[in-house]
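Please keep the sequence and the structure in view while reading.

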Amino acid sequence: MRGNDWGKLAEKAIRQEEISIGEGLAVLAAADSEVLPLLHAAFAVRQTFFGKKVKLNMIINAKSGLCPEDCGYCAQSIVSNAPVEKYTLLEKETLLAGAREALKRKAGTYCIVASGRGPTDHEVEQVVDAVAEIRATMPLKICACLGALSAEKAAKLKEAGVERYNHNINTHEELHPAITTTHTYQNRIETLQHVKQSGMSPCSGVIIGMGESDQQIVEMAYALKELDADSVPVNFLHAIAGTPLEGRPATKPLRALKILALLRFILPTKEIRVSGGREVNLRTLQPLALYAANSIFVGDYLTTPGQQMELDYQMIEDLGFEIEECAL
């Protein structure tokens, strides 16, 4: 496939017709010389559903390290030797200060992220207390990412005002046992089902660069479509020294762009967020990612630094795009 074929894919996506597995594989197999026509087609889809708006998200690492899970990509896992801060859940005032910082950074969504398999009852109450005050005093969308959730805990977070809950599928179901053994792929799906049943918006995405095949990448995109995730963070592995996946090569920038275009064709109406690893994988081609994606994180990630936010603002302005400051 090439040239006009990408335009035909865009037309199908705009009509919200499902593209085939073969068409998805063709996107990933496209020659590097096809990347600009491919992004032109992806942008037609992005512009149809999101115009030139860019959503900004800010993370607060609300609980760091101390995690019993063995996820091979994570610096906070029990099998990691990476030097990371370790602390229990931050106090309410610190979470409120983070929300004020998110507003200052023009982020419409404030992401409260905590390490661990899942939150204790006490931790849920701490988050609920902070979220209730944030929602009463600040025009922010709140996304929580606290690990595995029961239906009861999901309902409490929803009642407090958490609009969105993140729980990534991370990788293909077949590859999952090679990445982590302390929980299953199905465990993750169960949490997302509890999220949806509670009325919170499901946020779920992937980490690219952990050994997945092209076929698995396409199938991961369809898994997210089946889950009806409203927001899809696309992480590109930042192989941190001291983790089991250290030393893995970065995803090449042009391949990363093809993957983002693929996701836009398969998930035309969903928020696609270029997330962790954006800076070290896309490098100088970061601006091109926003022709397919419509969302980024501003500031640092959980244990790795992000690009200076002033550079993100400049990138968005230079593209002729606009920041969507209120996500409510």
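## The largest pocket

Helix H8 gives the most to the lining of the largest pocket, contributing five residues, in a model that is predicted. This helix spans residues 185-198, and it is joined in the lining by strand S2 (109-114), strand S3 (141-145) and strand S7 (231-236), each of which supplies at least two residues.

The space in this largest pocket comes to about 1100 Å³. Its lining is made up of 47 residues, of which Tyr73, Cys74, Cys145, Asn168 and Leu302 are the closest to the centre of the pocket. When the lining residues are divided by class, 21 are nonpolar and 21 are polar, while five are charged.

## The second largest pocket

The second largest pocket holds about 290 Å³ of space, and 16 residues line it, with Ile59, Ile60, Asn61, Arg105 and Asp300 being the closest to its centre.

Which element gives the most to this second lining? It is strand S1, with four residues; this strand covers residues 53-63, and helix H4 (92-104), like S1, supplies at least two residues of the lining. By class, the lining of the second largest pocket consists of eight nonpolar residues, together with four polar and four charged ones.

## The two linings in summary

For the largest pocket, the main contributor to the lining is H8, whereas for the second largest pocket that place is taken by S1.

Notes. Residues numbered from 1 in each chain as written. Predicted model: local features only at pLDDT ≥ 70, side-chain atom pairs only at ≥ 80, totals over all residues. Heavy atoms only, no water. 1 Å grid on protein atoms, 1.4 Å probe; cavity = no way out; pocket = protein on both sides within 12 Å on 5 of 7 lines; lining within 4 Å. Points joined across faces, edges and corners; volume = space filled by probe spheres on them. Nonpolar A, V, L, I, M, F, W, Y, C, P; charged D, E, K, R; others polar.
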